[in-house]
Amino acid sequence: MNMIFLGAPGAGKGTQAEVVCKELNIPAISTGNMLREAVKNGTAAGLAAKDYMDKGELVPDEVVIGILKDRIARDDAKNGFILDGFPRTVAQAEALEKMGVRIDKVIEIDVPDDAITARMSGRRVCEGCGNSYHIKFKPTKVEGICDACGAKVVQRIDDKPETVQARLKTYHEKTAPLKDYYLSRGKLVTVQGQNEIAETSRLTLAAIKG
Ligand code: ADP
Ligand code: ZN
């Protein structure tokens, strides 16, 4: 099954993508993680992306579409995948269609903006493997250390309150129109994401299987 996880920054789509990809044994493809990796490695795409990311703006479509296209062509994506954080603009959704990529379902994780703002300060990400954590809702077993790979977990530069507001604005302007885009194609399912992580996972898996 080919799926898209849609939602505001901090709505928990990355966390849910990790849960579902284990359950269904398909990769979760996060353009945010790939871009952070590209920035860390100083690749051409990373250099093109960094300033936008730090400001909470979208990276230009052609950069992200290029990265996504290469990733989706790999063998492990043949039996299905979850796109986490892509598409984020109507132009990106159209690019997917043009590539001939079939999408079975779009799961929207819906969380009100004020709940998101409250959550973001506790968010942490692993410097090594990109896994995401939350100091209160999804803590690491050992403080500051990733459960999966043992690297350090840190706060993202773009999780500062001002930048979070910029990212929410970008989401409403550029990404939220994708809800209508996929609704009109009969693909959109909305899941309430403001409760406990496990409860959201239950609703998400039900939405996928239903
Ligand atoms: P979040 O969903 O929490 O905002 P991500 O890790 O998905 O975080 O993305 C972080 C940043 O990477 C975004 O603010 C944006 O600058 C960039 N980015 C990720 N995916 C895309 C995309 N599909 N199109 C444009 N920019 C993207
Ligand atoms: Zn890690």
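A residue is called exposed when its relative accessible area is over 50%, and buried when that area is under 20%. The structure on display is a predicted model, and this tour moves through it one selection at a time.

**First stop: asparagine 25**

Select asparagine 25, which sits in the loop between α1 (13-24) and β2 (28-30). Its relative accessible area is 69%, so asparagine 25 is exposed. The backbone here also deserves attention: phi of asparagine 25 is near 55°, a positive value in a residue other than glycine. Most residues other than glycine have a negative phi, and most peptide bonds are trans.

Next, display phenylalanine 86 and proline 87. They are joined by a cis peptide bond, with omega about -5°. Proline 87 belongs to the loop between β3 and α5.

Beyond its neighbours within four places in sequence, tyrosine 182 is in contact with Ile4, Pro87, Ala93, Leu96, Val106, Lys187 and Leu188. Tyr182 also belongs to the largest nonpolar core, a set of 27 residues in which Phe81, Leu83, Leu96 and Tyr182 touch the most other members. Which elements give two or more residues to this core? They are β1 (2-6), α3 (44-55), α4 (61-72), β3 (81-84), α5 (90-98) and α8 (177-183). Of these, α4 gives the most, with six residues. A second, separate core has 22 residues, among them Ile109, Val191, Leu205 and Ile208.

Select helix α9 (residues 197-209) and pick out threonine 200 within it. Is threonine 200 buried or exposed? Its relative accessible area is 3%, so threonine 200 is buried. Leaving aside neighbours within four places in sequence, its contacts are Gln16, Ile109, Val191, Gln192, Gly193 and Asn195.

Move to threonine 140, in the loop between β6 (132-134) and β7 (153-154). With a relative accessible area of 14%, threonine 140 is buried. Its side chain reaches the backbone oxygen of valine 142 at 2.7 Å. Not counting residues up to four places away in sequence, threonine 140 touches Tyr133, Ile145, Cys146, Asp147 and Val153.

Lysine 152 lies in the loop between β6 and β7 as well. Select it together with glycine 128: the two are 24 residues apart along the chain, while their C-alpha atoms are separated by 7.1 Å. Apart from residues up to four places away in sequence, lysine 152 touches Val125, Cys126, Glu127 and Gly144.

**Last stop: ligand 1**

Finally, select ligand 1 and the residues around it. There are 20 of these, of which Lys13, Thr31, Arg36, Glu57 and Arg167 come nearest. The shell consists of seven nonpolar, five polar and eight charged residues. Helix α2 (residues 31-41) gives the most to it, with four residues.

- Valine 59 places a backbone N or O atom 3.1 Å from a nitrogen atom of ligand 1.
- Glutamine 92 has a side-chain N or O atom 2.9 Å from a nitrogen atom of ligand 1.
- Arginine 156 brings a polar side-chain atom to 3.2 Å from an oxygen atom of ligand 1.

How much of ligand 1 does the protein bury? Taken alone, ligand 1 exposes 550 Å², and the protein buries 96% of that.

How values were computed: Residues are numbered from 1 along each chain as its sequence is written. Chains are lettered from A and ligands numbered from 1 in the order in which they are written. This is a predicted model: local features need pLDDT of at least 70, side-chain atom pairs count only at pLDDT 80 or more; totals for chains, interfaces and linings use all residues. Side-chain values use heavy atoms; hydrogens and water are left out. A residue is near a molecule or strand if one of its heavy atoms lies within 4 Å of it. A polar contact is a pair of N or O atoms within 3.5 Å; within protein, one must be able to donate a hydrogen and the other to accept it, and residues adjacent in sequence count only if both atoms are side-chain atoms. Accessible areas come from the Shrake-Rupley method with a 1.4 Å probe; for residues, only the protein chains shown count as cover. Ala, Val, Leu, Ile, Met, Phe, Trp, Tyr, Cys and Pro count as nonpolar, Asp, Glu, Lys and Arg as charged, and the others, Gly among them, as polar. A nonpolar core is a set of buried Ala, Val, Leu, Ile, Met, Phe, Trp, Tyr and Cys residues joined through side-chain atoms within 4.5 Å. Buried means under 20% relative accessible area, exposed over 50%, partly exposed in between (1.4 Å probe, protein chains only). Contact means heavy atoms within 4.5 Å.
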